[in-house]
Amino acid sequence: MGKVPRVTHSPSSTTSTSTGSDAPGPRAPDAPHLERSLGNRHIQLIAIGGAIGTGLFMGSGKTISVAGPSVLLVYVVIGFMLYFVMRAMGEILLSRREYRNFADFTGDLLGPWAAFFTGWTYWFCWVVTAVADVIVIASVYLRDLVPMLPGWATPVLAIVVIALLIGLNLPTVRAFGEAEFWFAMVKIVAILALIVLGLVLVLTGFETSAGPSSFTHLWADGGFFPRGFTGFVAAFQIATFAFVGIELVGTTAAETRDPEKNLPRAVRSIPVRILLFYVGALVILMSVMPWTVYSADDSPFIQVFATAGLPAAAAIVNLVVLTSAMSSANSGIYSTSRMVFGLATQNDAPRLFARVSRRHVPQNALFLTGVMLLASVVLLVFGLGESTAFSVVTTVSSLCFMFVWTMILLSYLAYRRRRPQDHAASRFRMPLGGVMPFVVMAFFAFLLWAFTGASDTLAGLLATPVWFLLVAIGYVLIRRDGAHAAQREEFRARAAREKDEAARWRTEPVERV
């Protein structure tokens, strides 16, 4: 029959009385805390916004040209693997209300070093991504919409974009949620419009410059793997970056109303979103016209709308891509500010960043991100906005996100080993949790190998260890602090206690149902 879940009343129990703190460990009653203001519709759209990046609108042209129709399988495989990362993250986050994000539970389950590495690496991921987003918004999308602007205006546009993004995040977390809700809504409408329009073109056999639209284009032009295994693997290098931010919903845990209901709902819907918004859109794109027609440097969305005879196609898609890039940068500012706030409350960042405004927004941490984004202005002033270095930057960002995803999986394995009673009592258990963490980490190893296939991605792969060396130096310096020594000692004692409790739970007589 099976075990009846048994929940102890030890500190590791999922049903132990909450202390009302915002993070694991002892905390003063008047400690700064975040406010649970994000409702279900915010969480759902934030999850969609995290799963649909700018890469779908602009980068899909390159993935199609590299892999052909087999790119569909690339997105399915990546989405399938990351779904289990999200399930692991969801189960752990819901095991304790005190967890604000995954940096909290990596530190609680793997040790203080893990929180330091995970938190600062995630901060770095989003700062790099947001800087790239601001540069592209100012130097490409806004200039395409207003081409008569003089060259000196580009850095000014970047400053305006940064100010706008800070302004969206500064008032309340609900303001961020509303902005992200409408940013995501624009992306959804654009993709659904493409799918509907494309279906009409395919079902009516619309005559394009490359012949009639038809689903047969998915296999008739060189087969499903026209570029062979090499092209199939090369697409993973590009497509991985399209999924960065899929874990964003995990940074909203401390500011979500009714997380036990809203977080699982957002995570469970990820496969449907990937199938609809990624696979569905790409099926339509490659059915309207053969995959050989699409340019690696242009948005396939623009080409389809233009083929349908819509003269404003370029302007419409540019607005959509601009919105998508704003959404990505907006998410980056939100997540980095919350991560630095969490690090500061755990003595892994200056305490200055642990302060919150009267509206429970970590404004100092927010301003830190704003200052970092000014790097985009410097790059634009020196004419580096559109350099090939951005291929390296996106690779570094992808690899750092893969590190964060791996830390989530390692935390899940530690959670199952040390807190089996919590796992048994969970209402949101990860499917195939005993096997899939290892499968997904093996897949990440495959991605590392895939990144060696091109010179620019290989350069990014070789540059990434520099960041981890800097983080390691920072941790060596900060761990000398007495508070950190106490945290490490407390972690070792808690881990030993939880292992004993787990051993007793596994050997105790169980009730049968």
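**Contacts, aromatic pairs and core of the predicted model**

Apart from residues up to four places away in sequence, serine 426 touches Glu91 and Tyr415. Serine 426 lies in the loop that runs between helix H17 (420–425) and helix H18 (436–450). With a relative accessibility of 17%, serine 426 counts as buried, because the limit for a buried residue is a relative accessible area under 20%. The model described here is predicted.

The protein chain comprises 20 helices and 2 strands. Of its 513 residues, 57% count as buried. Among the contacts in the protein chain with a separation of 6 or more, 83% are accounted for by residues 24 or more positions apart.

Aromatic side chains form 27 pairs in the structure. In one of these pairs, the ring centres of phenylalanine 80 and phenylalanine 84 are 5.0 Å apart and the ring planes meet at 75°, so the arrangement is edge-to-face. Phenylalanine 80 and phenylalanine 84 both belong to helix H3 (residues 71–95), where a spacing of 4 residues separates them by about one helical turn. An α-helix has 3.6 residues a turn, so residues three or four places apart point the same way. Phenylalanine 80 is partly exposed, with a relative accessible area of 45%, whereas phenylalanine 84 is buried, with a value of 5%.

A further edge-to-face pair is formed by tyrosine 122 and phenylalanine 401, with ring centres 5.8 Å apart and planes at 85°. This pair links distant parts of the chain, since tyrosine 122 belongs to helix H5 (residues 112–145) and phenylalanine 401 to helix H16 (residues 389–418), 279 residues apart. Tyrosine 122 is buried, with a relative accessible area of 0%. Phenylalanine 401 likewise counts as buried, at 0% relative accessibility.

An aromatic ring also takes part in an arrangement with a charged group. The charged end of arginine 87 is placed over the ring of phenylalanine 428, at 4.1 Å from the ring centre.

The largest nonpolar core holds 138 residues, of which Phe105, Phe243 and Phe444 touch the most other members. Helix H5 gives the most to this core, contributing 18 residues. In soluble globular proteins, nonpolar side chains tend to be buried together. When residues up to four places away in sequence are not counted, phenylalanine 105 touches Met89, Ile92, Leu93, Tyr99, Leu110, Ile408 and Ser411.

Valine 128 is also located in helix H5. At 17% relative accessibility, valine 128 counts as buried. Beyond its neighbours within four places in sequence, valine 128 is in contact with Val393 and Ser397. The C-alpha atoms of valine 128 and alanine 329 are 9.9 Å apart in space, although the two residues are 201 residues apart in sequence.

Helix H9 (residues 228–242) has 15 residues, and at 1.5 Å a residue it should span 21 Å; the end C-alpha atoms are 22 Å apart, which agrees. A bend of about 25° occurs in H9 at phenylalanine 236. Phenylalanine 236 is itself one of the buried residues of H9, which also include Gly231, Phe232, Val233, Ala234, Ala235, Gln237, Ala239, Thr240 and Ala242.

Most residues other than glycine have a negative phi, and most peptide bonds are trans. Asparagine 347 has a positive phi, near 65°, in a residue other than glycine. Asparagine 347 is found in the loop between helix H13 (313–345) and helix H14 (363–373), and its relative accessibility of 28% counts as partly exposed. Leucine 432, which is not a glycine, also has a positive phi, of about 55°. Leucine 432 is placed in the loop between H17 and H18, the loop in which serine 426 is found. Leucine 432 is exposed, with a relative accessible area of 59%, whereas serine 426 counts as buried at 17% relative accessibility.

Terms used
Residues are numbered from 1 along each chain as its sequence is written. This is a predicted model: local features need pLDDT of at least 70, side-chain atom pairs count only at pLDDT 80 or more; totals for chains, interfaces and linings use all residues. Side-chain values use heavy atoms; hydrogens and water are left out. Buried means under 20% relative accessible area, exposed over 50%, partly exposed in between (1.4 Å probe, protein chains only). Contact means heavy atoms within 4.5 Å. Rings of Phe, Tyr and Trp (its six-membered ring) pair if their centres lie within 6.5 Å; planes under 30 degrees apart count as stacked, over 60 as edge-to-face and the rest as tilted. A charge sits over a ring if NZ of Lys or CZ of Arg is within 6 Å of the ring centre and within 35 degrees of the ring normal. A nonpolar core is a set of buried Ala, Val, Leu, Ile, Met, Phe, Trp, Tyr and Cys residues joined through side-chain atoms within 4.5 Å. The expected span of a helix is 1.5 Å times one less than its number of residues. The bend at a residue is the angle between axes fitted to the seven residues ending there and the seven starting there.
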